[in-house]
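Visitor: Please show me the model. I would like to go through it in short questions and answers.

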Amino acid sequence: MHALTLPANGHYDEMLLQSGAIRPHYQPFASWLHAQTPEALAKKRAEADLLFHKVGITFAVYGDEAGAERLIPFDTVPRIVPSSEWQMLEAGLRQRVTALNRFLWDIYHEHEIIKAGLMPAEQVFANAQYQPAMQGLDLPHGIYAHITGVDLIRHSDGGYYVLEDNLRVPSGVSYMLENRKMMMRLFPELFARYQVAPVAHYPTLLLNTLRHASTADNPTVVVLTPGPFNSAYFEHAFLAQQMGVELVEGQDLFVKDDYLYMRTTVGPQRVDVIYRRIDDAFLDPLAFRADSMLGVPGLLSVYKRGNVILANAIGTGVADDKSIYPYVPDMIRFYLGEEPILHNVPTWQCRKPEDLDHVLTHMADLVVKEVHGAGGYGMLVGPASTAAEVADFRERVRANPSNYIAQPTLCLSSCPTFVDSGIAPRHIDLRPFVLSGREISMVAGGLTRVALKQGSLVVNSSQGGGTKDTWILEGQA
Amino acid sequence: MLSRTASQLYWMSRYLERAENLVRMLDVTHSLSLLPQSRGATTELAAPLAVTGSLDAYHAKHDKLAAEQLFNFMALDLDNPTSVLSCLKFARENAHAVRGQITSEMWEAINATWLEAKEMPKRGIPSVSAFFDWVKERSHLFRGATYGTLQRNDAYCFIRLGTFIERADNTARLLDVKSQLIAPAQPSLMPVDAPAESAPDFYAWSALLRSLSAFEAYHAAYRDALDGRRVTELLILRPDVPRSLRACCDEIRAILPQIEAGIGAQDAGRDVKKLAGKLAIQIEYGSVDEILALGLHEWLTGFLQRSARISEAVREAYLEAT
């Protein structure tokens, strides 16, 4: 009925063992799948597309002149994670995010990690993401990154590795929630076969986290969006609605007498916490980019007086920069005195001469990235590139080594995925969302992104990636 | 509620109401233009352009006034900001910006409408009548979704306020233009018990009533032949006809106090409540003799000025607060 195939080159497959047998936690799904006709499944996929379009779960594509709203392709084969694996991931994520927040507090206060000689000072202070304005500022509970999205991949050895930490304005959580709603609507019978951990309470956890970020009594929380033309606008509106708070744009806010207010139909109303989905540079035209129309003039001065909380804080980008990433295991040891539970991908830092030599020699086998890049832009996937592309990139790295890091070509695990010809293995990653308030909380789940092109390892939605529902199983080994 | 949100909710519903009323007006124009003895077919066709103030824009694009070009221009032309499709587009854009404040049923209704509508200029429409029916249906669906799913809060109030301010304006304009076309002379000159009016007038008045879904109401209320005086009374003074000016003004007056506000001098909405109250009372205690004595066109011109002042006061009180 539905032929399931293994990925090429010995990649780890989430559903199949190397022998081709079904992994135990996928067996109920596989037996269900074999009882479905291709026509019935195709009909369900068409239904899903229609529903997503109707609900308007779309994203705008940068550079698309028509300003078209596209659907992120949704795949109906779930990514299933056994509970034992999730327990390990959750412990690792708590540990990692705790250390990252401690790191941010440290570099904006006493710089202990630098004094201890674990990290070169210029890595931090010369980093474009480092915000001098944050030096010495005390934030409630010492939390900088209230919302973190950690990108994980599973390597061919079966282990999970952290690809990057997203501490600025990580997006995608709305897809986690909507994908689940869609799967429950399309395939209710599967939820009778599996005990899937629920994710729908994420907005409640997020609201609690945001409220606790402020010391005000009964704080007023808002979501700050750049507006309807932002690629993630759907998510901003969705989260504001789910939390029951206002979705504001910069033009709705103003500063008066050291406090921040929003314009309402009954006059100005104080704002205590901003869940901002705008980058640092656009927050306050008086302090950062003067040409920004998205922010609020004077916001930084209110923030520095402690009269408003920004989530995430200003200047968190320094901790998820690719040049800082290699140090995260050291941070965990330094701040927490623990061994890292989640591993980093081995990384060569081109700013180090010996690493640069290795990268220039082995470039065709490596993935080379700009340290400040994001979204899959400005990178070279060596094995997937032509000799000319590699040579070109080699010159770019040689010209500015400290702008690049390199990693081995990762073997992202694969998961069976519907494609034109039937079902085929496609590579996936996983982005769980970690909330840091008075304590760390998260829902058992995350966003699974899938590279829909055969053999592709780029899962970004801006580059043709899709998503899957992620099922964390409860109560099973 | 954020002032910007209130403004977008208000305009979302105004544009949707405008699209519906425009279609109602085009429908009348369409049925009248099919009458063989219709007098002044071109004046009839010019009516929608006159009402929406887009005569110049039309002539910049088309040489002569012809039914097909007119429907394309007023219904499907996205370059024409007053077309039905443009209204649907603006309504959807406003809804998009406030989708967190409306229910998913409302959003899906308005979004699906736009997704279907935007294909129409390319794909074409089966017939103008089918298009008119479709727009009305989509408007009813959205209103029904609003009525059936939205919490009775300020969002609901601003949506309803937009509906009735727009509807009052549109009914008044439609009545003004049509009455001038049908009976350039004063309706008061037509005695109630005079012999039946000429056939074209009968069709013209009945088309106007039908376009405002008031044809059945007319017969239920008067059980008599159509005449301009009674049509005027029905569309201006009857509280039980949902598209009459009286009904719209009653709604506006009733909605305003439900919007969250300060007390006494702290109430930013004092001016608009006062204006809306005065207008509603004037109509409530008005009479058709009074209206016709002044002249229907003059009376309607005064009404439109007052409703424009109310709409301006709404903007100052709620939508652009500082």
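Guide: Two residues are in contact if their C-beta atoms, placed from the backbone, lie within 7 Å. This is a predicted model: local features need pLDDT of at least 70, side-chain atom pairs count only at pLDDT 80 or more, and totals for chains, interfaces and linings use all residues. Residues are numbered from 1 along each chain as its sequence is written, while chains are lettered from A and ligands numbered from 1 in the order in which they are written.

Visitor: How many residues of domain 1 of chain B are in contact with domain 2 of chain B?
Guide: An automatic or database domain assignment sets the bounds. Domain 1 of chain B covers 1-150 and domain 2 covers 157-322. Their centres, taken over C-alpha atoms, are 21 Å apart. Facing 25 residues of domain 2, domain 1 of chain B brings 27 residues.

Visitor: Which element gives the largest share of the side of domain 1 of chain B that touches domain 2 of chain B?
Guide: Helices (H or I, at least four residues) and strands (E, at least two) are DSSP runs, numbered from the N terminus. Two elements give two or more residues to this side of domain 1 of chain B: helix 1 (3-33) and helix 2 (41-52). The largest share, 17 residues, comes from helix 1 of chain B.

Visitor: Is B:Ala97 buried or exposed?
Guide: B:Ala97 lies in helix 5 (residues 84-97) of chain B. A residue is buried if 20 or more other C-beta atoms lie within 10 Å of its own, exposed if 12 or fewer, and partly exposed in between. Because B:Ala97 has 23 other C-beta atoms within 10 Å, B:Ala97 is buried.

Visitor: Which residue of chain A does B:Ala97 touch?
Guide: Residues up to four places away in sequence are not counted here. Within chain B, B:Ala97 touches B:Gln8. In chain A, the residue touched is A:Pro228.

Visitor: How many residues does the contact take from chain B?
Guide: Chain A gives 20 residues. Helix 2 (38-55), helix 9 (233-243), strand 7 (246-248) and strand 9 (259-264) of chain A each supply at least two residues of its side. From chain B, the contact takes 24 residues.

Visitor: What is the bridge partner of A:Met262 in strand 10 of chain A?
Guide: Two strands pair if DSSP finds at least two bridges between them. Strand 9 and strand 10 of chain A run antiparallel, joined by 4 bridges. In strand 10 of chain A, the partner of A:Met262 is A:Gln269.
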